[in-house]
Amino acid sequence: MQITHLGHACLLIELAGQRVLVDPGAFSSFEDVTDLDAVVVTHHHPDHLHPEKAAALLAANPRARVLMEAQTATTVTDAGYADRVEVLSPGSTLGLGDGGLQLTAVGEQHATIHPYVERVGNTGVVLRVEGGPSLYHPGDALDGEPGEVDLLCVPVSAPWGKVAEAIAFVRRIAPRRGIIPIHDGLLNDTGRGMYVQHIGTFGAEGGVEVHDLRDAGATSF
């Protein structure tokens, strides 16, 4: 598995001969990404799906499957790629390519931001292949049940989150090979470092391994 953090919540995951891009949002840089096999959108907030940038991305990747959370799919009915969209149904698993890559949809709702903002749909994804590492990208929710995973993507900072909840999330899921910080586009370097340190230090007894992929390029696991 190779993972490239393209900013905020956007990851390029290369596994079992497949190239999968998750959450092409406004705070991320994916304009030059090509040869994709799938594009996954966990929910419709603009930091996870930027309509204009996504349209250009999908035009440049005409064979990519477009997999979206159910409510998000209804928001792109007028987009040029609407006829390509497949809905992610929570609990369902689909195969990607011929190398045995399985994508499982996890969860249905976005975390509560505050009482004055309506909750929206949110469906995270687990990528698994027999004999290889597994990864869970939760989108914007910490209550999903992905089962055992090797790598856990952890939202570091958001209007809906606090570090205590992120730590509890990591402890509950207990990833076997550590965490990947994501959802960090609202933070300056100092604040981001503080959040990541807290999550890494307290995410397990004795700490949890942090794979910080920011500006690291493609990283192998």
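**Note on the predicted model: sheet and helix packing**

1. The chain of this predicted model has a mean pLDDT (the predictor's confidence in each residue, from 0 to 100) of 97, and 100% of its residues reach 70 or more. Confidence is lowest in helix α1 (residues 51-59), at a mean of 95, and highest in strand β10 (residues 135-137), at 99. Helices (H or I, at least four residues) and strands (E, at least two) are DSSP runs, numbered from the N terminus.

2. Residues are numbered from 1 along each chain as its sequence is written. In this predicted model local features need pLDDT of at least 70, side-chain atom pairs count only at pLDDT 80 or more, and totals for chains, interfaces and linings use all residues; side-chain values use heavy atoms, without hydrogens and water.

3. Six strands form an open sheet in the order β7-β8-β9-β10-β11-β12, with mixed pairing (strands pair if DSSP finds at least two bridges between them). β7 (93-96) and β12 (179-182) are the edge strands, each with a single partner, so one side of each has no neighbour in the sheet. The twist averages 25 degrees from one strand to the next.

4. β10 pairs with β11 (residues 151-155) in the parallel sense over two bridges. Leu135 has Leu151 of β11 as its bridge partner. Helix α3 packs on the sheet and touches β10, β11 and β12 (contact means heavy atoms within 4.5 Å). The direction of α3 makes about 165 degrees with that of β11; axes are lines fitted to C-alpha atoms, for helices over the stretch in contact, and angles run from 0 to 180 degrees between N-to-C directions.

5. The axes of α3 (residues 163-173) and α4 (residues 189-202) come within 9 Å and cross at roughly 35 degrees. Contact is made by Val163, Ala166, Ile167, Val170 and Arg171 of α3 and by Tyr195, His198, Ile199 and Phe202 of α4.
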